[in-house]
Amino acid sequence: MATQTLVTAILPENYRFLQEHIYSQVGIVLEDNKHYLFESRLGPIVKDHGLKSINDLCALIHGKRNGEIGQEVVEAMTTNETYFFRDPSQYDAIRTVLLPRLKEERRDTRKLRFWSAASSTGQEAYSLAMLLLEDGLKDWNIQILGTDFSSKVIERARSGVFQQIEVNRGLPASLLVKYFKRAGLTWQLNDVARRMVRFDTIDLRKSMRTLGPFDLVFCRNVMIYFDNETKRNIMKEIHSTLFRGGWLLLGGAETVFGLDEWFDRQNVGSMTAYVAR
Ligand SMILES: C[S@@+](CC[C@H](N)C(=O)[O-])C[C@H]1O[C@@H](n2cnc3c(N)ncnc32)[C@H](O)[C@@H]1O
């Protein structure tokens, strides 16, 4: 009942204001038919702040776009869906093809650097950490960087604490038992795996050159939210963070327009990987 009032009450100028606010803050394009999304994601914020409608919420953020409530709205509108070993064929290809090659290339320095760009709550970066530990790389100098726009998800990622429902998604029982300890109703990742990953808040639209060089970058299930110009700029920046010949992995079903300028496509097992030129 209350949510229905929110939908019908949203004024066209406020709808446009929210679209522009989210685009300017995070680069996400929300089309004209996303009323249900605004309603379901912003409804709780309206309620928490004791407001009557999304229009009131717009009035509150209007004029102070970088304020806390403006950020809260942006974070509510981003999709943070993630899970352990998402797109298993990619992890299989890392284990069986990419890692053996990287180990050979880096056998002198025994140093490998990875980046989980748009890491959300950390399952992607930690899946990689466990895969590397399972591969016997404990004594190598391994650095995994996990970054996301949202400070909320980064805080959660840093904690290494996951709900039962989260460890039920994609994480093999053998790895749960080996790397996690039960902590009440949640599961805590052990320090060995946790210390391999450093998390930071980073907006992918900013310059990222200084983060590299990386051997492999995950940029999965985030490009779909951006327009072509933003995608192109992000691909260019990611390219600048990779070693020549380094790997970029997109989401299992993703392709990105304009990528061929900087990367060569390669089929590795049943996945497509992108090799930095
Ligand atoms: C659907 S999740 C993908 C998580 C993980 N990569 C995966 O595939 O499972 C998308 C993430 O992208 C982040 N994101 C959206 N726009 C961003 C931006 N401009 N800069 C950095 N991260 C952003 C969101 O906060 C969200 O956590």
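Strand β2 (residues 141-148) is largely enclosed by the rest of the structure, because six of its eight residues are buried. Buried means under 20% relative accessible area, exposed means over 50%, and partly exposed lies in between, with a 1.4 Å probe and protein chains only. Strands are DSSP runs of E with at least two residues, helices are runs of H or I with at least four residues, and both are numbered from the N terminus. The model is predicted: local features need pLDDT of at least 70, side-chain atom pairs count only at pLDDT 80 or more, and totals for chains, interfaces and linings use all residues. Residues are numbered from 1 along each chain as its sequence is written, and side-chain values use heavy atoms, with hydrogens and water left out.

Strand β2 pairs with two strands, β1 and β6. Two strands pair if DSSP finds at least two bridges between them. Strand β1 (residues 111-117) runs parallel to β2, and seven bridges join them. Within this pairing, Ala117 stands opposite Thr147 of β2. Strand β6 (residues 197-201) is also parallel to β2, with five bridges between them. Here Thr147 stands opposite Asp200 of β6. A crossover is right-handed if, with the strands pointing away from the viewer, the path from the first strand over the helix to the second runs clockwise.

Strand β7 is mostly covered, with six of its six residues buried. Four bridges join β7 to β1, and the two run parallel. Trp115 has Val217 of β7 as its bridge partner. Strand β8 (residues 242-250) runs parallel to β7 and is joined to it by five bridges. Val217 stands opposite Leu248 of β8. A right-handed β-α-β unit is made by β7, α12 and β8. In a regular strand the side chains alternate between the two faces of the sheet.

The ligand has 19 residues around it; Thr82, Arg86, Ala118, Asp148 and Asn221 come nearest. A residue is near a molecule or strand if one of its heavy atoms lies within 4 Å of it. Polar contacts are pairs of N or O atoms within 3.5 Å; within protein, one must be able to donate a hydrogen and the other to accept it, and residues adjacent in sequence count only if both atoms are side-chain atoms. A polar backbone atom of Val26 is 2.9 Å from a ligand nitrogen. For Phe149, a backbone N or O atom lies 3.2 Å from a nitrogen atom of the ligand. Asp203 uses its side chain: an N or O atom there is 3.0 Å from a ligand nitrogen. The protein covers 99% of the 600 Å² of accessible area that the ligand has on its own. Accessible areas come from the Shrake-Rupley method with a 1.4 Å probe; for residues, only the protein chains shown count as cover.

Salt bridges were counted next. A salt bridge is a side-chain nitrogen of Lys or Arg within 4 Å of a carboxyl oxygen of Asp or Glu. By this rule there are 17 salt bridges. Arg169 and Glu81 form one of them, at 3.1 Å from N to O. This pair links distant parts of the chain, 88 residues apart: Arg169 lies in the loop between α9 (164-167) and α10 (173-179), and Glu81 in the loop between α5 (68-77) and α6 (88-105). Arg169 is partly exposed at 34% relative accessibility. Glu81 is partly exposed at 42%.

Arg220 forms a salt bridge with Glu124, with the closest N and O atoms 2.8 Å apart. Arg220 lies in the loop between β7 (214-219) and α12 (228-241) and Glu124 in helix α7, so the pair ties together parts that are 96 residues apart in sequence. Arg220 is buried at 2% relative accessibility, and Glu124 is buried at 4%. Asp87, Glu124 and Arg220 are linked in a network of salt bridges.

Glu237 and Arg209 also meet in a salt bridge, at 3.6 Å from N to O. Glu237 lies in helix α12 and Arg209 in the loop between β6 and β7, so the pair ties together parts that are 28 residues apart in sequence. Glu237 is buried at 14% relative accessibility, whereas Arg209 is partly exposed at 46%.
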